[in-house]
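Visitor: I would like a close look at one part of this model, and then an account of what lies beyond that part. Please keep to what can be computed from the atoms.

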Amino acid sequence: MISFVISLVALVLGYFIYGRFVERIVGPDDRPTPAVSMADGVDYVVLPNWKIFMIQFLNIAGTGPIFGAIMGAKFGPVAYFWIVLGCIFAGAVHDYMSGMLSIRNGGANLPEIIGKYLGTTARTIMLVFSILLLIMVGVVFVYSPAEILTNIWTPEWIAEYLGPSFFWIITIFAYYIVATMMPIDKIIGKVYPLFAFSLIFMAVALMVMMLIKMPAIPEIWEATGNLGAEKLGLIDPIFPCLFITIACGAISGFHATQTPLMARCVKHEKQARPIFYGAMITEGIVALIWASVAMYFFYGSPAPGYEVIEAAAATGSHTSAPSVVNIICNEWLGVVGGILALLGVVAAPITSGDTAFRSARLIIADFLKMEQHSIKRRLMVCIPMFAVAIALLVWQMEDKDGFQKIWSWFGWFNQTLSVFTLWAITVYLVREKKFYFITFIPALFMTVVCATFLLVSKQAFALDTSVAYVGSIAVLLVAICWFVWWFRNEHERSV
């Protein structure tokens, strides 16, 4: 528990100290924001600060800092290092800077920002990456909550003729269509703060219970290596798998696709740090709490344990993470915990899915130069987008390993997206003659993480770790050389 308390304090101090440092580098001012200068009543709408924060938090969080932290906790207390350092020095900076760049570029979406600072080729790659990632998020977050809701209740006559999950899949998709097309203040602006509050309340309640129970969980100095390899037979190497598994709560490229939604609702630039940097720190705290609780279930003494979780997962869940959420909440929080668990594993992924589709709609519309004020224009984008999502969903349901395949590639796509975003921000800072190391170092690190994951992944090259690490060093050297070459050329052009 000492490691947890130290990590918690570090995250809070990170917001006030390093967050302020990053804000001063950017220098927010009084220029009109897109919410004011481009107001359209649909996507560009001024919202209250607290509401923007809650929506931003839920948009970037969902179940990410819960499921990712639970799965990452299998590596042991080394997860604390990544959550704290990744969140303060990489994830929160990534979110704040991407939000500020969107604000200063007319509420531009991620591909537009990438294109401006990394070129048209990178913009095209990022366009494809962003849309694929966002559709995968929507698909992943249809099937998993639909499965859970099916186990609770489903109309018998529909289940008999069309399958057990059909009713909830159609219901969730119908909600997606409505939420994606409606003005942001009509559904998202009204409902999301409630769900965000429930996620925060659940995390705080669990933290209080931990402080009361003081469970025996491993400390950082007791297990610095891969504790999962020793106790659980976990064969995945810490590097790079930990840094792909725990994305939300440390750094996540998906966040950069969501920040423009709220960048279009911010009234003053000075609101950006508490909204974007603050929401990421809050997500880091949630991830820290869930990682700690999960470590108690994996490694605590006496362990209520891993066997119970695996048995629950064997009943049909694709991953043990939802089982952990239900077991923890019901055992520690009772009836209220059960309700919150339902919100956590059902409502949160659904809300992540609809904002993912909304972001995809806006990205496609921006690329096609198609205004989105009229419903007809929104339908022209949404219909083919949802057709692709449905096809992907059907494939996932037909293939028994479909969920795992999509989830694995979702993790890699997610972190690769953060690589492009960090490099674009670095280029911006260099051109503005600002202290660019705040994103240059995280960009190098995440570049190596994503490249190494491809080398060791069973779905890609499946190389031996020793060979993959040599390859990762080569990638690091190439990235440094490329940046030095570009930096010198940029300096010569600016002189």
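Which residues make the nonpolar surface patch of about 730 Å²?

Guide: The model is a predicted one. The patch is made by V5, V9, V12, L13, F16, I17, L211 and M214, and its area is about 730 Å². Helix 1, residues 2-16, supplies the largest share of the patch, with 5 residues. V5 is one of the patch members and is found in helix 1. Its relative accessible area is 38%, so V5 counts as partly exposed; the class runs between 20% and 50%. The patch rule asks for over 30% relative accessible area, and V5, at 38%, is therefore above that cut-off.

The buried side of the nonpolar residues comes next. In soluble globular proteins, nonpolar side chains tend to be buried together. Here the largest nonpolar core holds 171 residues, and the members that touch the most others are F4, Y96, M97, L242, F276, Y277 and W290. Helix 15, residues 272-299, gives this core its largest share, 20 residues. For M97, the contacts can be listed once residues up to four places away in sequence are set aside: V22, V26, I425, Y428 and L429.

The charged side chains follow. By the rule used, there are 11 salt bridges. One of them joins R358 and D43, with the closest N and O atoms 2.9 Å apart. R358 belongs to helix 17 (residues 320-368), while D43 is in the loop between helix 3 (34-37) and helix 4 (49-61); the two are 315 residues apart and link distant parts of the chain. R358 has a relative accessible area of 0% and so is buried. D43 has 5% relative accessibility and therefore counts as buried, the cut-off being under 20%.

D43 also meets the side chain of R361 in a salt bridge, at 3.5 Å from N to O. D43 lies in the loop between helix 3 and helix 4 and R361 in helix 17, so this pair ties together parts that are 318 residues apart in sequence. R361 is buried as well, with a relative accessible area of 0%.

The closest N and O atoms of R264 and D366 are 3.3 Å apart, and the two form a salt bridge. R264 counts as buried, at 3% relative accessibility, whereas D366 is partly exposed, with a relative accessible area of 26%.

Salt bridges also form a network, which links D29, R31, R104 and E269.

E490 is buried, with a relative accessible area of 13%. The side chains of E490 and R493 are joined by a polar contact of 2.7 Å. Apart from neighbours within four places in sequence, E490 is in contact with V430 and R431.

Definitions and conventions. Residues numbered from 1 in each chain as written. Predicted model: local features only at pLDDT ≥ 70, side-chain atom pairs only at ≥ 80, totals over all residues. Heavy atoms only, no water. Core = buried A, V, L, I, M, F, W, Y, C linked by side-chain atoms within 4.5 Å. Buried < 20%, exposed > 50% of the residue type's maximum accessible area, 1.4 Å probe, protein only. Helix = DSSP H or I, 4+ residues; strand = E, 2+ residues; numbered from the N terminus. Contact = heavy atoms within 4.5 Å. Salt bridge = Lys/Arg side-chain N within 4 Å of Asp/Glu carboxyl O. Patch = residues over 30% accessible without salt bridge, like charges linked within 9 Å, V, L, I, M, F, W, Y side chains within 5 Å. Areas by Shrake-Rupley, 256 points an atom, 1.4 Å probe, with all protein chains shown as cover. Polar contact = N/O pair within 3.5 Å; in protein donor to acceptor, adjacent residues only side chain to side chain.
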